[in-house]
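Please look over the sequence and the structure shown here before reading the report below.

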Amino acid sequence: MGKGKGDPVGYVFPITPGRIIFEVEGVPFEVAKEALRLAAQKLPVTTKFIVRHDYDKNA
(Lines give C-alpha, C1' and ligand atoms only; values in the text may rest on other atoms or scores of the structure.)
Protein backbone atom coordinates (compact mmCIF):
# COMPACT_ATOMS: atom_id res chain seq x y z
CA MET A 1 0.00 0.00 0.00
CA GLY A 2 1.25 3.51 -0.78
CA LYS A 3 3.82 2.54 -3.44
CA GLY A 4 3.43 5.70 -5.50
CA LYS A 5 6.47 7.39 -6.94
CA GLY A 6 6.04 10.49 -4.78
CA ASP A 7 6.34 14.14 -5.68
CA PRO A 8 8.74 15.03 -8.48
CA VAL A 9 11.65 17.01 -7.06
CA GLY A 10 12.61 18.47 -10.42
CA TYR A 11 11.82 18.07 -14.09
CA VAL A 12 14.34 18.49 -16.87
CA PHE A 13 13.54 19.11 -20.53
CA PRO A 14 16.28 19.93 -23.02
CA ILE A 15 15.80 23.33 -24.66
CA THR A 16 17.62 23.44 -27.96
CA PRO A 17 18.56 26.74 -29.64
CA GLY A 18 15.75 28.03 -31.85
CA ARG A 19 12.93 26.45 -29.85
CA ILE A 20 9.90 28.68 -29.25
CA ILE A 21 8.91 28.37 -25.60
CA PHE A 22 6.00 30.84 -25.40
CA GLU A 23 3.61 32.28 -27.97
CA VAL A 24 1.29 35.14 -27.10
CA GLU A 25 -1.81 36.27 -28.97
CA GLY A 26 -4.77 38.50 -28.19
CA VAL A 27 -2.99 41.13 -26.07
CA PRO A 28 -1.35 44.44 -27.00
CA PHE A 29 2.29 44.30 -28.11
CA GLU A 30 3.59 46.19 -25.05
CA VAL A 31 1.74 43.91 -22.62
CA ALA A 32 3.05 40.78 -24.34
CA LYS A 33 6.62 42.08 -24.38
CA GLU A 34 6.56 42.99 -20.68
CA ALA A 35 4.94 39.67 -19.69
CA LEU A 36 7.55 37.68 -21.60
CA ARG A 37 10.36 39.83 -20.17
CA LEU A 38 9.18 39.00 -16.66
CA ALA A 39 8.83 35.32 -17.51
CA ALA A 40 12.33 35.23 -19.03
CA GLN A 41 13.82 36.39 -15.74
CA LYS A 42 12.56 33.17 -14.13
CA LEU A 43 14.16 30.88 -16.73
CA PRO A 44 17.69 29.49 -16.37
CA VAL A 45 18.43 30.02 -20.08
CA THR A 46 19.11 33.04 -22.29
CA THR A 47 15.97 34.14 -24.10
CA LYS A 48 15.13 36.41 -27.02
CA PHE A 49 11.87 38.18 -27.85
CA ILE A 50 10.98 37.70 -31.51
CA VAL A 51 8.04 38.99 -33.54
CA ARG A 52 6.46 37.31 -36.55
CA HIS A 53 7.56 39.04 -39.76
CA ASP A 54 3.97 39.73 -40.85
CA TYR A 55 2.89 41.21 -37.50
CA ASP A 56 1.55 44.79 -37.57
CA LYS A 57 2.01 46.62 -34.25
CA ASN A 58 -0.49 49.30 -35.24
CA ALA A 59 -3.38 46.98 -36.07
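## Basis of the model

This is a predicted model, in which local features need pLDDT of at least 70 and side-chain atom pairs count only at pLDDT 80 or more, while totals for chains, interfaces and linings use all residues. Residues are numbered from 1 along each chain as its sequence is written, and side-chain values use heavy atoms, with hydrogens and water left out.

## Overall form

The protein has 1 helix and 0 strands, where helices (H or I, at least four residues) and strands (E, at least two) are DSSP runs numbered from the N terminus. Its C-alpha atoms fill a box of roughly 60 × 25 × 20 Å along the principal axes. Of the 59 residues, 3% are buried, a term that means under 20% relative accessible area, with exposed meaning over 50% and partly exposed in between (1.4 Å probe, protein chains only).

## The aromatic cluster

Ring pairs link Phe29, Phe49 and Tyr55 into a cluster; rings of Phe, Tyr and Trp (its six-membered ring) pair if their centres lie within 6.5 Å, and planes under 30 degrees apart count as stacked, over 60 as edge-to-face and the rest as tilted. The count comes to 2 aromatic pairs. Phe29 and Phe49 form an edge-to-face pair, because their ring centres are 5.8 Å apart and their planes stand at 75°. This pair joins Phe29 in helix 1 (residues 29-41) to Phe49 in the segment after helix 1, 20 residues apart.

Phe29 counts as buried at 14% relative accessibility, whereas Phe49 is partly exposed at 30%. The rings of Phe29 and Tyr55 are stacked, because their centres lie 6.0 Å apart with planes at 25°. Tyr55 is partly exposed, with a relative accessible area of 36%.
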